[in-house]
Amino acid sequence: MSLEDLLSRWRTDPEVAPNISTWRSTPARTAKITPFPKDIPDHLTNALLQRGINSLYSHQALAWEYARTGKNIVLATSTASGKTLAYNLPVLATLSANLEARAIYLFPTKALTQDQLNNLSTFNLQLSPAIYDGDTPKSKRPAIRKNARILLSNPDMLHTGILPHHTKWEEFFSNLKFVVIDEMHTYRGVFGSHIANVIRRIKRVAAFYGARPQFILTSATIGNPAELAENLIEAPVELIDEDGSAHGERHFLIYNPPVIDEALGLRKNALIESVRLAGDLLRQNVQSVAFAKSRRAVEIMLTHLHERDPKGFNRRSIKSESFPSNSPAKKGAQIKPFGSKTIRGYRSGYLPSQRREIEKGLRDGEVSLVVATNALELGIDIGGLGAALLVGYPGGIASTWQQAGRAGRGDDPAAAIFVASPNPLDQFLAHHPEYFFARSPEQALINPDHLLILLNHLRCAAFELPFKDGEGFGKLPAETTAEFLDYLVDGGELHESGQKYFWMADQYPAASVSLRSASPENVVLQIHDGGIPRALGEVDLASAFWMVHPRAVYLHEGQQYFVQELNLEQNVAALIPVALDYYTQPQRQTDITLLAEIDHSALRGAKSAYGELLVSEQVTGFRKRSWERGENLGEELLDLPAQEFQTTGYWLSLDDEITEKLRAAGAWTNDTNNYGPNWTRIRDAVRARDGFLCQVCGLPEEKRQHHVHHKIPFRNFSNRDDANRLDNLVTLCPSCHRQAEQNVRMRSGLSGLATVLGHLAPLYLMTDSRDLGVFADPAWAAAEGLPSVVLYDQVPAGIGFSQKLFEMQETLLASALQLVKECGCKDGCPSCVGPGGENGTGGKRETMAILRELVL
């Protein structure tokens with residue numbers, strides 16, 4: 001049995017073949033290899049031969065050549081192409097020849113750090129590599145500072161735990177020869193702008209001790225690897241992006257689940273279809289990874305996989321009889337078993353030791369399938385897999401190729417299968433695959449000179465070393481640097497004396513500057529089953545409110561746990577193992593409140609302003625959903641505190657005059673539907689006709705009435721009597737109604753305006769789309785009920801984006817009109833105003849009408 005056999009069967013399988021909307025294959029590629037360079041030391045050559053490596057790929061040889069001549073390099077080749085060896089070789093050669101030389105490796109996650117320590121240890125070169133991060137015991141830190149010649153850490157530890165205490169690292173910094181920055185593509189937007197300033201600080205400290213380290217960076221596929229690398233380190237780099245590694249034939253499939261209700265356009269559940277495809281892979285002995293978009297989706301998939309094969313499911317210490325009593329495995333339902341295979345989950349919240357065990361199981365071949373979040377996107381060594389299932393679009397082209405690239409081992413064939421969800425974006429890609437394949441990966445943008453970010457790191461740098469008169473900061477000119485330093489002097493944070501600027505404030509600046517703008521607090525999950533409470537894992541504080549709220553069903557590697565208590569004072573959640581026939585789904589409410597308007601202006605047909613906002617998110621309750629059919633079994637209220645953060649935002653509110661004009665032109669669909677005075681009677685008649693049963697899942701009405709849905713959307717009719725004909729109406733439960741509405745989604749012009757501004761703003765701000773929140777409300781209370789679009793900083797306290805958007809709004813709106821007008825799509829796509837539902841309509845025409853009123 002093999003992947004080729006399975007792919008051959010899928011091409012003719014009546015349950016699979018009709019649902020594959022796209023099948024792209026790329027031929028196998030032979031390796032471009034070169035002999036070991038003559039100047040590689042013999043002991044390194046022997047170490048490579050012992051590992052079964054007899055030559056180098058062309059990109060590895062080129063990296064060696066550039067590194068040996070002192071050039072900074074960025075490696076942007078494919079996943080599993082040997083980038084680690086490409087940077088290890090020059091570092092190890094230099095450190096072997098110079099017994100005083102040092103190197104620091106920076107990784108974005110602790111898991112990668114541990115992974116690379118294991119890799120370095122296989123060389124047996126006595127270079128004392130060591131991890132130095134927040135988990136390093138304080139008792140071991142002095143010895144590491146003294147003895148480690150290769151230090152493995154992360155930017156956060158460098159920022160708060162190493163640079164401010166550089167006097168303890170004098171010998172290390174005096175001999176620093178290399179800085180290796182792995183997974184560089186993760187450093188974009190606000191986070192990347194912080195990292196660029198941390199790199200300015202390490203270069204400044206190293207220069208103080210007489211060192212000028214060489215930089216080696218690695219990146220996944222992005223649109224501008226050389227530009228990002230040069231912006232991060234503020235020095236020229238040599239780009240190496242011609243991949244010399246071999247790979248077998250590659251297949252990329254887009255699978256769109258079959259339609260199960262033609263009238264409503266409903267498709268089979270993407271998670272369940274992915275479980276079925278994963279079962280096919282397991283039965284063919286194809287080691288695979290399934291990427292789900294959320295932690296909850298990971299656990300739901302694991303539960304369904306367990307139902308299909310409880311004996312083979314790795315539940316560690318969990319008893320096999322603990323899975324839901326109504327599952328197919330308990331009922332003896334007719335399902336296709338796939339034999340005893342080891343299936344594991346992988347996501348944040350698992351203990352580090354558990355993650356390392358899963359990674360090792362993948363490398364050793366003991367784990368047949370891992371269901372993971374994007375935590376496995378990064379370059380952790382899990383070996384080459386045969387297939388990757390992408391359950392839902394990852395959100396970006398670069399992330400899609402990164403996940404797909406997890407499949408592939410040497411010359412063996414590999415497949416990536418993207419399973420489309422009902423989400424309009426997924427459906428657009430399933431119906432327009434050329435959009436995906438023709439697009440370049442996204443660019444990663446940073447702005448190290450952003451005012452607030454720069455000031456924070458100037459404070460940190462002044463704490464580390466006094467600034468001299470005439471000294472710049474990275475590429476920031478000396479004159480500009482002096483202006484900022486004088487500002488800090490005026491604020492009492494610095495003191496100028498003897499042509500130097502000294503840190504004067506009491507606080508330790510790095511401790512109050514978060515690189516990731518996220519809370520470092522975690523909630524520990526403890527199992528209470530009659531014995532001594534023991535740790536199951538942990539979740540970040542922000543996620544605890546919706547993952548482990550009181551009475552939640554928490555899922556961990558497919559096992560259910562009932563949350564007895566969430567103690568927010570001690571940051572501990574008490575869980576007990578259970579076997580229930582339902583899972584829980586939190587209900588969240590988000591509000592954006594205007595605190596203060598800083599400035600405003602009048603545009604043609606609109607008002608705009610920027611100011612201080614309060615963003616509040618609260619988990620108000622939860623639903624219980626049946627495992628078997630997903631129906632709503634009931635709702636319960638919760639009394640949890642709201643999570644709030646104050647920030648700044650820019651908003652645009654349309655005048656009544658412009659909305660009336662748009663309404664008259666038939667270009668305004670944001671008004672509430674008026675179903676007419678007889679709607680209550682019509683609605684009751686439809687429910688009675690349908691026997692008070694959901695016509696999709698069969699769920700009967702209980703305490704709450706079911707919904708009545710228009711098969712053809714109400715807004716498609718000019719006459720409401722035609723829209724309300726009984727043959728156009730059907731009874732649906734709330735869950736099925738949501739799915740049906742998504743299928744016929746009509747994107748409004750206001751929603752389209754928010755989407756296109758959300759696309760463009762990060763480009764003008766030189767940041768990442770994740771750093772901005774976008775909100776559209778056809779009757780925003782803070783704007784006196786006017787239709788509004790709000791763009792706000794996702795960083796607590798704001799970081800100045802809103803003021804810049806306010807100042808450049810005319811340029812932004814003009815660019816938005818040009819983008820939408822020149823986009824080649826007919827009715828909206830992900831590049832402009834966003835797509836509508838699969839059988840709905842986009843908002844391109846309406847968005848164009850709004851923009852023309854605002855701009856022309």
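In the predicted model, the axes of helix α21 (residues 656-664) and helix α28 (residues 844-855) come within 11 Å and cross at roughly 140°. Axes are lines fitted to C-alpha atoms, for helices over the stretch in contact, with angles running from 0 to 180 degrees between N-to-C directions. Helices are DSSP runs of H or I with at least four residues, numbered from the N terminus. The angle makes α21 oblique to α28; angles under 35 degrees count as roughly parallel, over 145 as roughly antiparallel, 65 to 115 as roughly perpendicular and the rest as oblique. The crossing of α21 and α28 is right-handed, the near helix being turned clockwise from the far one by less than a right angle. Ile658, Lys661 and Leu662 of α21 are in contact with Ala849, Ile850, Glu853 and Leu854 of α28, where contact means heavy atoms within 4.5 Å. This set comprises five nonpolar, no polar and two charged residues (nonpolar: Ala, Val, Leu, Ile, Met, Phe, Trp, Tyr, Cys and Pro; charged: Asp, Glu, Lys and Arg; polar: the others, Gly among them).

Residues are numbered from 1 along each chain as its sequence is written. Local features need pLDDT of at least 70, side-chain atom pairs count only at pLDDT 80 or more, totals for chains, interfaces and linings use all residues, and side-chain values use heavy atoms, with hydrogens and water left out.

Helix α4 (residues 83-97) packs against helix α5 (residues 110-121) at an angle of about 55°, the axes being 12 Å apart. The pair is therefore oblique, and its crossing is right-handed. Thr84, Tyr87, Asn88 and Leu92 of α4 and Gln116, Asn119 and Leu120 of α5 form the contact, with three nonpolar, four polar and no charged residues.

For helix α11 (residues 270-283) and helix α12 (residues 295-308), the packing angle is about 50° and the axes lie 10 Å apart, which makes α11 oblique to α12. Here too a right-handed crossing is found. From α11, Leu271, Ile272, Ser274, Val275, Arg276 and Ala278 meet Ala297, Ile300, Met301, His304, Leu305 and Arg308 of α12. By class, eight are nonpolar, two polar and two charged.

The whole structure contains zero disulfides, a disulfide being a pair of cysteine sulfur atoms within 2.5 Å. For Cys823, the nearest cysteine sulfur is that of Cys829, 3.5 Å away. Cys823 counts as buried at 18% relative accessibility (buried: under 20% relative accessible area; exposed: over 50%; partly exposed: in between; 1.4 Å probe, protein chains only). For Cys832, the nearest cysteine sulfur belongs to Cys825, at 3.6 Å. Cys832 is also buried, with a relative accessible area of 0%.

Technical notes. Helix = DSSP H or I, 4+ residues; strand = E, 2+ residues; numbered from the N terminus.
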